[in-house]
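Thanks for coming, everyone. Let me put the model up, and then we'll walk through it.

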Amino acid sequence: MPRLIPDSGPQGVLAASNFVYTVGSGLYLTAGVLYFTEAVRLPAGQVGLGLGVAGLFALVLGVGVGHLADRCGARGVYAATLLVQALATAGFVLADSFWPFVLVVCVAAAAKAAGVAARSPLIRHYGGERPQEFRAYLRAVTNVGVSVGAVGAGWAVQVGTVTAYQLMVAGNAVAFVVTAVLLALLPPVAPVPSAGGPRWIALRDRPYLLLTTLDGVMAIQFKVLTVAIPLWLVGATAAPHWLISGTMLTGTVIVVLFQVRASRDIDSPEAGGRAYRRAGVAFLLSCSVVSLSAGVPAWAAATLLVTGVVIHTVGELWHSAAGFEVSFALAPRHATGQYLGVFGLGAGLAEAFGPGLLIALCITWGRPGWYVVGAMFAVTGLLTPAAVAWAQRQQLARRTGLGTTEKATV
């Protein structure tokens, strides 16, 4: 299991701030929807609609804020997004009807997406020779933090009072403020000067945009464990309902123990492309196994579900590590925030549309839908190595062009 804080110095500060942030996120991820339905008493349909609108709203800010972090300094921009997120989260306690709810969740979601883009230059600058591996380490820390936050959320859900839910929201907001304060211990990263040419170069990089799209399709897999499997387990299988927590815990433990190790072997864009391909096959196999859990005895259903989750999480390790590698390695250093903001668009679209797609295919359609979802992941994985090769050719041409320009200037 990885150490919670890797070193003293900047990496330790980033890891500590990430841990505090994800403890707060764990509170919200586990019981945020229940807060709005049980404490605020909003209809579930309105909550789902509002969260979908917030997901789409968040998409528009990542690229712009990432560019701002490149040009103005990532530490200050990231801290600002955290403070906005804290204020919006605190505003949850005032959201007593649909439109105030939409307002606060839109601001919170946008600040979260902006923060992911703004943090990327910090990870690249302080991540050492392999920032991709450090990013994998942070993902393992994220799972530890979310698990701790989930315990606090479990208390709020068990107590079930409005006060308990409001304390959960307050804890979430405080975590974001503490995260911003911890960033003051981090040496600032000097703004990176522009390399000249068009400002929004990431939006003109067609191979990178294709990779963003493919990763976005693959990112729907994150909703399989949190949306599709729980609904399938309850509605289509004889497995005990407590196994929902068991499957989540199984996936979390595997990520904490093995994410860094999985990333060490994925040390080039080519290796990243191959990892995407392996992940797609793993997701196809996992979906097929999960589909078989309907119509069998409880013990068999539970065995098949846990087996499917283990296979799925192995694929998740490969997918995450591949995404870390290609998103960083194929992004110009002077535009890290902008490029990583663009890359985050794919995950944002998966966040907005993935749950509905999985419910329509896997839950409404049933067993055949699981095979369609698995095939979608497999085909995406098969296409990605070619997209990576195209992006590498584009990157080489860009570097050659810059070198030619520099020689001509001299």
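**Around Trp370**

Start at Trp370. Setting aside neighbours within four places in sequence, Trp370 is in contact with Val224, Ala228, Ile229, Trp232, Cys287, Val290, Ser291 and Cys362. Contact here means heavy atoms within 4.5 Å.

Before going on, the ground rules. This is a predicted model: local features need pLDDT of at least 70, side-chain atom pairs count only at pLDDT 80 or more, and totals for chains, interfaces and linings use all residues. Residues are numbered from 1 along each chain as its sequence is written, and side-chain values use heavy atoms, with hydrogens and water left out.

Now the cores. Which residues touch the most other members of the largest nonpolar core? They are Leu122, Tyr208, Ile229, Leu305 and Trp370, in a core of 79 residues. A second, separate core has 24 residues, including Ala39, Phe101, Val102 and Ala156. A nonpolar core is a set of buried Ala, Val, Leu, Ile, Met, Phe, Trp, Tyr and Cys residues joined through side-chain atoms within 4.5 Å. Buried means under 20% relative accessible area, exposed over 50%, partly exposed in between, with a 1.4 Å probe and protein chains only. Of the 410 residues in the chain, 51% are buried.

Next, the fold. The chain has 14 helices and 0 strands. These are DSSP runs, numbered from the N terminus: H or I with at least four residues for helices, E with at least two for strands. Of the contacts with a separation of 6 or more, 84% join residues 24 or more positions apart.

On to the rings. The whole structure holds 12 aromatic pairs. Rings of Phe, Tyr and Trp (its six-membered ring) pair if their centres lie within 6.5 Å; planes under 30 degrees apart count as stacked, over 60 as edge-to-face, the rest as tilted. Tyr35 and Phe36 are edge-to-face, at 5.0 Å centre to centre and 70° between the planes. Both are buried. Phe134 and Tyr137 have centres 6.3 Å apart and planes at 10°, so that pair is stacked. Both lie in helix H6 (residues 131-159), 3 residues apart, about one turn of the helix.

Last, confidence. pLDDT is the predictor's confidence in each residue, from 0 to 100. The chain averages 85, and 91% of the residues score at least 70. Residues 404-410 fall below 50, and beyond near neighbours in sequence this stretch has 0 contacts in the model. Where pLDDT is low, the predicted coordinates should not be read in detail.
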